[in-house]
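Reader: I would like to go through this model term by term, asking each time what a word rests on. Could you set out the values beside the definitions?

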Amino acid sequence: MAGHCYVMGILNLTPDSFSDGGRYTDIDTALYRVEEMLKQGMDILDIGGESTRPGYTQISEAEEIDRVIPVISRIKSSFDVPVSLDTYKSEVAKAGLEAGVDIINDIWGLKYDEKLAKLIATANVPCIIMHNRKEEKSGFGYHNFITDVINDLKDSLRIAENAGISDDKIILDPGVGFAKSYEQNLQILAKLKRFHEFGKPLLLGASRKSVIGLTLDLSKEERVEGTLATTALAVESGCSFVRVHDIKENVRLIKMLEAVKAWDV
């Protein structure tokens, strides 16, 4: 649907994710959660096998594969839903694609594993390219923050182009919560429309993140309203996707906003 904002539901198969770590680590609970999210209106499922919260501990490719592939296989055989795999490792992505994954979601914008971009191009699947930076001694080395984020994404797009990823297979994510201070995350939310200069669909992933918790002084379990505010910003800014934990509430908000926007002609 042209102009529609689709809801991507989050399923973390991890013991240590910041919001729902440990809740869906076995196949039965994971399948129940997927069914629940579909009933609430989820359009796309995003599965992750390694926590990427601040200070996360990296796990091996083998362990990540063991976590995600059995669940992906069951989901693809049980439900008719596009599945995105949240990984930056080419071997994990390869196993996921073989299990039926439809989208690769890379938090490192194709800059971590040099084999990943070519794998995505060969598979001819959509990919989500997120903005991120490695930490330096002086922070993350920004000089002109929004311009630097734009330029970093341009670098990722060059990697995609050189690997042969089709333009129409790329979704961009400005990376709220990754390599950014509290104030910088607020700037990203305020400047979402800037990222349309790439002419690519945009995804916003701000659900329950620290920028909401710090603003409202709330625990991660109490950040639904703050998340809804960021989803409203996404819809108003023309984002094509939001990646969220609370499906029902976000689906309803988007439906209401889009009903009103349909008359703003």
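Reader: Which residues in helix α3 (residues 90-98) are buried, and how do you know what counts as buried?

Author: This is a predicted model, in which local features need pLDDT of at least 70 and side-chain atom pairs count only at pLDDT 80 or more, while totals for chains, interfaces and linings use all residues. Residues are numbered from 1 along each chain as its sequence is written, and side-chain values use heavy atoms, with hydrogens and water left out. In α3 the buried residues are Ser90, Val92, Ala93, Ala95, Gly96 and Leu97, where buried means under 20% relative accessible area, exposed means over 50% and partly exposed lies in between, with a 1.4 Å probe and protein chains only. Helices (H or I, at least four residues) and strands (E, at least two) are DSSP runs, numbered from the N terminus.

Reader: What do the buried residues of α3 pack against, and what follows α3?

Author: They pack against α2 (61-78), β3 (83-86), β4 (103-106) and α4 (116-123), where contact means heavy atoms within 4.5 Å. After α3 comes Gly100, with a positive phi near 110°.

Reader: Why is Ser84 called buried, and which residues is Ser84 in contact with?

Author: Ser84, which is found in strand β3, has a relative accessible area of 0%, and is therefore buried. Leaving aside neighbours within four places in sequence, Ser84 is in contact with Met8, Ile44, Leu45, Asp46, Ile47, Ile103, Asn105 and Ile128.

Reader: Why is Val265 called exposed, and where is Val265 found?

Author: The relative accessibility of Val265 is 93%, so this residue counts as exposed. Val265 is found in the segment after α9 (247-261), and its C-alpha atom is separated by 35 Å from that of Ile104, 161 residues apart along the chain.

Reader: What makes α5 roughly perpendicular to α6?

Author: The axes of helix α5 (residues 145-163) and helix α6 (residues 182-190) come within 10 Å and cross at roughly 70°. That angle makes α5 roughly perpendicular to α6, because angles of 65 to 115 degrees count as roughly perpendicular, under 35 as roughly parallel, over 145 as roughly antiparallel and the rest as oblique. The contact is made by Phe145, Ile146 and Val149 of α5 together with Gln184, Gln187 and Ile188 of α6.

Reader: What is noted about phi in Asn124 and Arg208, and is each residue buried, partly exposed or exposed?

Author: Most residues other than glycine have a negative phi. Asn124, however, has a positive value near 55°, and Arg208 has a positive phi of about 60° although it is not a glycine. Asn124 lies in the loop between α4 and β5 (127-130), and with a relative accessible area of 44% Asn124 is partly exposed. Arg208 is placed in the loop between β7 (203-204) and α7 (210-216), and at 13% relative accessibility Arg208 counts as buried.

Reader: How do you know that the protein chain is as compact as a globular protein of that length?

Author: The protein chain has 9 helices and 8 strands. Its radius of gyration is 17 Å, close to the 18 Å that the globule rule gives for 265 residues, so the chain is as compact as a globular protein of that length; the radius is taken over C-alpha atoms, and the rule is 2.2 Å times the number of residues to the power 0.38. Buried residues make up 52% of the 265 residues, and the C-alpha trace spans about 45 × 40 × 35 Å along its principal axes.

Technical notes
Axes are lines fitted to C-alpha atoms, for helices over the stretch in contact, and angles run from 0 to 180 degrees between N-to-C directions.
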